[in-house]
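Please look over the sequence and the structure first.

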Amino acid sequence: MKIGHLIRAERVRQEMKQIVLAKGICTPSYLSKIERNLIEPSDEIALLLMNRLAIDPSKLQKNDEQTELEFKKLLMDTYKTVITSRNDELTKDKLSYLEQNSPLFENDSLHYTYLLIRLRFRLILREDIEVLKNEIEALQHSVDQFDAYQLYLFELNKALFYYNTGNRKKAIFYFETILDKLDSIAMKEWEKAEFNYIIAVVYAADGHLFASTNYIRDALEFFRENLMMNRVLDCYILIGITHKRSEQFQDSLEAYSKAMQICEDLNLHSEKGIIYHNIGSLNSTMGNSDQAIHYYKKSIDHKIIDSDKLISIFCLITEYSKLNKKKLVRYWADVGINLLKKVKDENHLSYYHHFTIYKSLHSEQGLSVEIAETAIQHFKKLQDFRYIHKYCIALAEWYYQNRKYKLSSIYYREANRYGYIYRKVEKWEDL
């Protein structure tokens with residue numbers, strides 16, 4: 001039986017050493033050869049290894065070209081359905097089906113494709129960070145066995161993992177690694193459009209607005225031609241964001257209006273929440289705090305998923321902070337903290353630090369140094385330079401107001417240093 005790839009993948013996933021798995025069954029060196037598919041073990045040794053790893057031998061399929069082709073078609077059709085639909089409930093259902101009904105193939109290439117697509121679904125659902133990290137590390141051990149398409153899926157998964165966990169610098173590194181060889185990867189047209197959309201989102205988040213606009217227009221063209229209106233909606237929202245950041249405010253509003261019209265025409269009322277949020281953000285940028293607050297509240301009312309409300313709550317807190325409405329800052333910070341307890345998702349930990357620092361800043365006692373320093377350390381760990389810069393300024397201001405000038409100076413310098421990194425400049429002359 002050719003099971004080396006199955007054994008290695010599961011052993012690494014369980015963080016089990018070779019010597020532990022091999023004990024009483026075979027030598028570690030013999031196991032190493034099995035895992036690299038250099039030798040095929042006897043049925044007895046294969047079953048013993050599989051049982052120790054809790055792999056169900058009944059799922060193992062001998063090399064059967066017809067069965068493999070059928071499963072590969074099912075796998076790729078499921079992948080397309082999940083990625084193009086962008087529906088979490090559908091993703092959960094498809095992931096559950098694959099996990100319960102996927103056979104184990106002696107064809108190692110097919111098994112790797114299955115693992116990579118399964119990981120993509122788990123990333124979409126933002127499963128536990130440590131579990132996802134372990135899966136990526138387990139797959140890293142097999143990367144030399146991947147074909148060009150599998151390597152693309154793996155690097156895309158790593159890019160999305162780092163983006164989801166707030167490490168934008170590493171995410172962009174992997175996205176651009178893919179870009180460098182995109183033309184040589186055998187991808188379907190829908191996959192290219194989806195990748196164009198994702199890279200546009202990432203570039204917009206990192207301030208590369210011209211590049212973002214180019215990629216989003218390529219994606220929009222495909223989605224519009226193929227009547228994928230949910231995806232057209234996503235593109236108009238992103239176009240609105242890039243126009244806002246370029247201070248083309250009327251163009252931004254027009255893009256949001258087109259997105260809203262799609263919602264009306266297709267009864268996509270659940271999608272209105274994200275549009276209202278972005279109209280609120282547009283008004284905030286224009287200095288219209290009252291209008292921004294109005295639309296953020298409408299966004300919260302229209303969003304169905306609790307975790308989606310967190311960004312609007314955070315922006316609402318920011319607007320009330322600008323207006324120095326302390327009671328409302330504290331009220332909405334408590335709403336956000338209570339919602340986080342309900343959501344119970346480590347991926348949203350940054351919101352906890354945002355909420356607590358604003359609540360502390362607007363409390364009767366004033367900013368807690370401990371809360372501020374904890375938040376700064378959190379964002380340093382994520383390499384989120386924007387919020388390191390922002391909260392270092394808040395702490396420096398607090399020290400200055402309390403006549404602790406030396407500490408204030410230290411944090412102003414820290415804010416300045418991370419401000420340079422955030423703006424991608426090295427010298428003050430470049431500002």
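Is Glu-15 buried or exposed? Glu-15 counts as exposed, at 59% relative accessibility. Here buried means under 20% relative accessible area, exposed means over 50%, and partly exposed lies in between (1.4 Å probe, protein chains only).

## Basis of the model

This is a predicted model, in which local features need pLDDT of at least 70 and side-chain atom pairs count only at pLDDT 80 or more, while totals for chains, interfaces and linings use all residues. Residues are numbered from 1 along each chain as its sequence is written, and side-chain values use heavy atoms, with hydrogens and water left out.

## Two loop residues with positive phi

Glu-15 is not a glycine, yet its phi is positive, at about 55 degrees. Glu-15 is placed in the loop between helix H1 (4-13) and helix H2 (18-22). Helices (H or I, at least four residues) and strands (E, at least two) are DSSP runs, numbered from the N terminus.

Asn-267, a residue other than glycine, also has a positive phi, near 55 degrees. The loop between helix H14 (249-266) and helix H15 (272-285) holds Asn-267. With 57% relative accessibility, Asn-267 counts as exposed.

## Aromatic pairs

Rings of Phe, Tyr and Trp (its six-membered ring) pair if their centres lie within 6.5 Å; planes under 30 degrees apart count as stacked, over 60 as edge-to-face and the rest as tilted. The count by this rule is 25 aromatic pairs. Tyr-79 and Phe-121 are stacked, because their ring centres are 6.5 Å apart and their planes are at 25 degrees. Tyr-79 lies in helix H5 (residues 65-85) and Phe-121 in helix H7 (residues 108-124), so this pair ties together parts that are 42 residues apart in sequence. Tyr-79 is buried at 2% relative accessible area, and Phe-121 is buried at 0%.

Phe-222 and Phe-223 form an edge-to-face pair, with ring centres 6.0 Å apart and planes at 70 degrees. Phe-222 is buried at 16%, and Phe-223 is buried at 1%. Ring pairs also link a cluster that includes Phe-314, Tyr-351, Phe-355 and Tyr-358.

## Two arginines

The charged end of Arg-231 sits over the ring of Tyr-197, 4.7 Å from the ring centre. The rule for this asks that NZ of Lys or CZ of Arg be within 6 Å of the ring centre and within 35 degrees of the ring normal.

Arg-118 lies in helix H7 and counts as buried, at 13% relative accessibility. Leaving aside neighbours within four places in sequence, Arg-118 is in contact (heavy atoms within 4.5 Å) with Leu-95, Glu-99 and Glu-135.

## Nonpolar cores

A nonpolar core is a set of buried Ala, Val, Leu, Ile, Met, Phe, Trp, Tyr and Cys residues joined through side-chain atoms within 4.5 Å. The largest one has 77 residues, and those touching the most other members include Tyr-79, Phe-223 and Leu-233. Helix H11 (residues 189-205) gives the largest share of this core, 10 residues.

A second, separate core has 38 residues, among them Ile-293, Tyr-296, Ile-388 and Tyr-418.

## Cysteines

How many disulfides does the structure hold? There are zero disulfides, a disulfide being a pair of cysteine sulfur atoms within 2.5 Å. The cysteine sulfur closest to that of Cys-235 is in Cys-263, 14 Å away, so the two are too far apart for a bond. Cys-235 is buried at 0% relative accessibility, and Cys-392 is buried with a relative accessible area of 0%.
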